[in-house]
There are 2 protein chains.
Amino acid sequence: MKRLRVLMTREEIVPERLAGATVVVLDVFMATTTLLTILENGARGVYPAESLEEAEEIREKLGPDDVLRGGEQDAARIDGYDHGPFPEEYAPAIVAGKDVVFVTTNGTRAIADAAGADRVILGCLRNAPAVARELEESGADSIYLVCAGSAGRFTVEDFLGAATIASHLDLKDWRLNDAAWLALDFMERHGENIPEALKGGRAGRWFVEHDRMDAFRFVADVGASELVPEVKAGQLVSTSAGQQGSWSASQHVSQSGKNTTNRNDESGGRRPERTV
Amino acid sequence: MKRLRVLMTREEIVPERLAGATVVVLDVFMATTTLLTILENGARGVYPAESLEEAEEIREKLGPDDVLRGGEQDAARIDGYDHGPFPEEYAPAIVAGKDVVFVTTNGTRAIADAAGADRVILGCLRNAPAVARELEESGADSIYLVCAGSAGRFTVEDFLGAATIASHLDLKDWRLNDAAWLALDFMERHGENIPEALKGGRAGRWFVEHDRMDAFRFVADVGASELVPEVKAGQLVSTSAGQQGSWSASQHVSQSGKNTTNRNDESGGRRPERTV
């Protein structure tokens with residue numbers, strides 16, 4: 001029987017049970033939203049790092065030229081790094097032709113925690129429908145939607161991201177764990193108004209109360225992106241649902257009906273894998 | 001500002017942050033439901049143990065007479081123990097005048113994990129309204145509702161128990177963590193039909209599918225008990241909301257309108273504490 005599990009925090013991962021599974025890691029505020037954006041905006045290579053130490057190792061292997069470092073530690077910017085954790089810091093003009101090494105407190109650690117899975121995909125609200133299509137088309141029969149959480153605790157936004165993906169799957173005859181059941185139940189109530197649900201969480205309220213509505217709306221824009229980033233050999237590669245895993249069309253119409261421009265179209269398909 | 005936190009699993013506990021807090025531990029299927037029942041049915045002393053080793057130490061200190069051992073490990077009965085994890089195994093005729101040492105995989109470990117708190121209370125669906133009244137009357141301003149979870153993972157039933165308690169609190173001006181917000185949201189949807197929500201979880205469905213409806217209904221009977229067990233010096237003591245912490249009236253009318261008989265009325269108030 002096919003199985004869908006939602007994990008409420010990355011701490012619920014049992015690494016030895018991930019063999020054969022497809023894991024979607026969600027850190028909606030902000031790591032997976034920002035990593036998606038960096039890739040979408042045309043970075044040459046995107047490298048999520050588990051720790052500052054690993055980030056340094058990756059940078060040394062990449063060499064000194066055209067490498068940006070970004071992220072946060074305990075919500076603070078990192079001394080000496082070029083950029084922070086927010087998507088708007090990684091505009092196309094900033095990241096085009098650059099490698100980006102990215103490290104955060106929860107999200108990139110969750111990516112590392114999932115390394116034992118067959119596939120590790122990055123999900124957020126913006127690409128939730130695309131991730132769901134990729135999961136269906138891949139025929140995956142053991143799926144974990146892993147909420148990164150914050151400092152070991154549950155967060156509404158990651159759960160909302162997982163719930164949005166789950167609600168786009170045809171789960172007839174699938175076996176769900178309790179958190180997956182709760183996620184579908186949650187979407188029955190909130191599926192029509194994702195931004196309001198996002199404000200239920202502490203992080204979502206922070207953006208609203210600190211007049212960061214542009215960032216909030218960017219994060220909450222379900223279906224804005226067709227890109228499905230996958231971690232391969234430590235690097236993000238682009239998958240696009242419905243296109244046999246390649247990302248080559250120059251423009252997509254997202255499920256929400258908006259046109260989204262693919263700023264990566266010069267890449268001509270799946271990025272080459274590169275081991276660092 | 002007063003703070004209410006729901007923790008999705010006992011693994012979310014950070015022991016050093018519990019100082020000054022009141023913790024309610026919930027393991028609805030079954031540890032906290034059964035421990036409540038053992039106390040309510042007139043056991044002389046009830047001792048939750050973190051591990052088989054600790055259970056053995058407690059029994060040795062109690063001496064050989066009139067001591068029962070019960071519980072489970074990984075859902076299996078324990079070799080040599082008198083009883084398992086289910087409330088119906090601890091009828092008044094069984095436990096009256098006896099000490100009971102009780103150890104389970106998740107629930108009694110969660111109780112041990114909470115030991116750093118000012119107060120540790122046991123909650124379940126049966127005493128959820130009484131626990132809420134006790135929390136309000138005590139003036140607690142830092143409350144953790146800790147779902148024990150199962151093998152490190154979220155369970156619907158413990159969350160439902162926490163949500164039921166939270167829904168009985170006046171939380172105006174309280175600060176809630178994300179899981180507490182979700183709990184209140186969940187109750188808006190399911191508060192009128194707790195048994196149906198309980199069936200959303202794997203454990204709840206197990207009881208239904210295995211023709212254990214008596215046990216299921218017992219667990220799901222919100223407000224059936226007025227007793228609020230509290231852990232003091234390793235032993236459960238009886239608190240009853242609305243009676244200045246003593247448990248002496250012979251009969252209570254629960255919020256659900258049923259009469260519940262206090263089989264402990266001969267104890268004449270708060271049990272003496274006893275260190276083992």
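A residue counts as buried when its relative accessible area is under 20%, as exposed when that area is over 50%, and as partly exposed in between, with a 1.4 Å probe and protein chains only. By this rule F186(B), at a relative accessible area of 4%, is buried.

The model is predicted: local features need pLDDT of at least 70, side-chain atom pairs count only at pLDDT 80 or more, and totals for chains, interfaces and linings use all residues. Residues are numbered from 1 along each chain as its sequence is written, chains are lettered from A in the order in which they are written, and side-chain values use heavy atoms, leaving out hydrogens and water.

**Between the chains**

Chain A and chain B each bring 32 residues to the contact, where contact means heavy atoms within 4.5 Å. About 2,500 Å² is buried between them, and carbon and sulfur atoms give 48% of this; buried area is the accessible area (1.4 Å probe) that two parts lose on being put together, summed over both. R153(A), D178(A) and R189(A) supply 29% of the area that chain A buries against chain B, more than any other three residues.

There are 4 salt bridges between chain A and chain B, each a side-chain nitrogen of Lys or Arg within 4 Å of a carboxyl oxygen of Asp or Glu. In one of them R189(A) pairs with D185(B), with the closest N and O atoms 2.9 Å apart. Several elements of chain A, including α6 (156-167) and α7 (178-190), each supply at least two residues to the side that touches chain B. The most come from α7(A), with 9 residues. Helices here are DSSP runs (H or I, at least four residues) and strands are runs of E (at least two), numbered from the N terminus.

**Aromatic pairs**

Over all chains, 14 aromatic pairs are found. Rings of Phe, Tyr and Trp (its six-membered ring) pair if their centres lie within 6.5 Å; planes under 30 degrees apart are stacked, over 60 edge-to-face, and the rest tilted.

| Pair | Centre distance | Plane angle | Class |
|---|---|---|---|
| F86(A) and F207(A) | 6.2 Å | 80° | edge-to-face |
| W181(A) and F186(B) | 6.2 Å | 80° | edge-to-face |

F86(A), in the loop between β4 (67-71) and α3 (92-95), and F207(A), in helix α9, are 121 residues apart. F86(A) is buried at 19%, and F207(A) is buried at 5%. The second pair joins two chains, because W181(A) lies in α7 of chain A and F186(B) in α7 of chain B.
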